[in-house]
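Student: I have a structure open beside its sequence, and I would like to learn how to read a few of its features. Could we go through them one at a time?

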Amino acid sequence: HSRVLMASAVGSALEWYDFFIYGTAAALVFGDLFFPKLDPTVGTLAAFATFGVGFFARPFGGMVFGHLGDRLGRKPVLVITLMLVGIGTFLIGLLPTYETAGIWAPGMLVALRLVQGFGAGAEYGGAVILAVEHAPPGKRGFFGSWAALGVNFGLLLATGVFALVSLLPKQDFLSWGWRIPFLLSIILIVFGFYIRARVSETPVFSEIAANATAARSPVKEAFLKHPREFLVVFGARLAENGLGFLYPVFTLSYMTKQLGLSRTMVLSGIMCAYAISLFTIPFFASLSDRIGRRPVYGSAALFSAVMAFPFFWMVDTGSPVLVWIALILVIAIGVAGMFGSQAAYFAELFGARFRYSGFASARELGSLLAGGPAPFVSG
């Protein structure tokens with residue numbers, strides 16, 4: 001089981017490392033480098049719009065790879081999605097800027113963003129399903145949470161790398177330093193490929209394959225046979241995903257550019273909150289194994305809603321201590337409570353024959369409406 005948990009967490013971590021370094025770069029440098037003709041605030045909004053573009057590709061990736069995951073197996077699809085995101089990310093690190101390539105630069109940025117989003121559309125769902133379908137009885141919540149842990153570890157890694165390159169003089173950071181996190185992803189992807197290639201197919205899908213009972217049109221069946229479950233996943237994602245992206249991406253820009261706070265201080269606060277989440281996510285997930293998914297998810301969603309205004313009051317004080325406490329409360333309790341219990345909750349809503357399609361499609365449609373526009377609208 002340890003190899004399965006590692007494959008779920010590592011693959012998810014590497015993929016989300018790629019995804020979050022894009023969000024961080026959009027907040028810090030893409031406005032200046034790819035949209036220099038625009039007013040600085042408009043440039044940042046344009047950079048956030050390219051962040052949102054990736055979300056438009058995600059539901060399509062969820063449907064295409066979800067279909068393949070239910071027809072061909074979980075394992076091969078998880079290797080493909082990881083490679084798509086990884087290659088897209090590495091190439092962003094090699095892109096010419098607007099100064100060199102003119103309008104082609106933002107065009108290529110958007111194209112690679114779409115490739116990333118397409119691969120990401122079925123990555124997380126597959127990582128969860130891999131773990132949940134290997135889990136012993138009564139441990140699905142805990143096993144499924146390893147994919148969520150991977151997301152946090154990926155963000156932690158991304159924030160850490162950016163914190164280091166942010167120490168460079170501003171001119172060096174803008175000219176070449178921002179590329180380092182993207183180029184480093186090639187090492188991570190090779191490692192992730194190695195781990196995933198060694199994992200066995202899930203017992204659940206192996207049984208479906210042995211009995212030749214794979215669904216012919218899994219996406220269609222998931223939607224028609226489980227419309228309520230589809231809507232549950234969709235709605236739950238709006239809450240968790242909007243907040244999950246809003247805090248690390250938008251608040252970084254808001255605190256550094258609007259409030260003039262130290263970038264290193266804010267990044268360190270975000271890192272601290274995600275480090276604590278590495279413990280709170282499995283805690284909430286294990287709690288959901290004992291008392292149920294919905295009570296845990298619902299309580300965390302309510303906590304997040306109540307914290308919305310206090311969060312900004314605390315941040316607006318500019319006090320490093322209060323900024324850190326605010327970030328820890330919303331990320332390590334609010335988002336982690338939803339994220340930890342969500343994995344197994346979503347996987348259990350759909351039958352095994354169309355689990356991948358139902359999970360990935362519904363989840364990514366929710367991501368499209370919540371995660372993509374969140375930082376852009378807030379800006």
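Tutor: Gladly, and please keep in mind throughout that this is a predicted model. We can begin with aspartate 39, which sits in the loop joining helix H2 (30–34) to helix H3 (40–71).

Student: Is aspartate 39 buried, exposed or partly exposed?

Tutor: Residues under 20% relative accessible area count as buried and those over 50% as exposed; aspartate 39 has a relative accessible area of 44%, and is therefore partly exposed.

Student: How far apart are aspartate 39 and valine 77, in sequence and in space?

Tutor: Along the chain they are separated by 38 residues, while from C-alpha to C-alpha the separation is 42 Å.

Student: How should I describe the way helix H1 and helix H8 cross?

Tutor: For two packed helices, one gives the angle between the axes together with the distance between them. Here the axes of helix H1 (residues 2–28) and helix H8 (residues 140–165) come within 6 Å and cross at roughly 40°, so H1 and H8 are oblique to each other. The crossing in which H1 passes H8 is right-handed.

Student: Which residues form the nonpolar patch on the surface?

Tutor: The patch consists of Trp176, Ile180, Leu184, Ile186, Ile187 and Val190, which together have about 520 Å² of accessible area. Helix H10 (residues 179–197) contributes the most to this patch, with 5 residues.

Student: Where is isoleucine 180 found, and how accessible is it?

Tutor: Isoleucine 180 belongs to helix H10, and because its relative accessibility is 31%, isoleucine 180 counts as partly exposed.

Note on methods: Residues numbered from 1 in each chain as written. Predicted model: local features only at pLDDT ≥ 70, side-chain atom pairs only at ≥ 80, totals over all residues. Heavy atoms only, no water. Patch = residues over 30% accessible without salt bridge, like charges linked within 9 Å, V, L, I, M, F, W, Y side chains within 5 Å. Areas by Shrake-Rupley, 256 points an atom, 1.4 Å probe, with all protein chains shown as cover. Salt bridge = Lys/Arg side-chain N within 4 Å of Asp/Glu carboxyl O. Helix = DSSP H or I, 4+ residues; strand = E, 2+ residues; numbered from the N terminus. Buried < 20%, exposed > 50% of the residue type's maximum accessible area, 1.4 Å probe, protein only. Axes fitted to C-alpha atoms, helices over the stretch in contact; angles between N-to-C directions. Parallel < 35°, antiparallel > 145°, perpendicular 65-115°, else oblique. Left-handed = near helix turned anticlockwise from the far one by under 90°.
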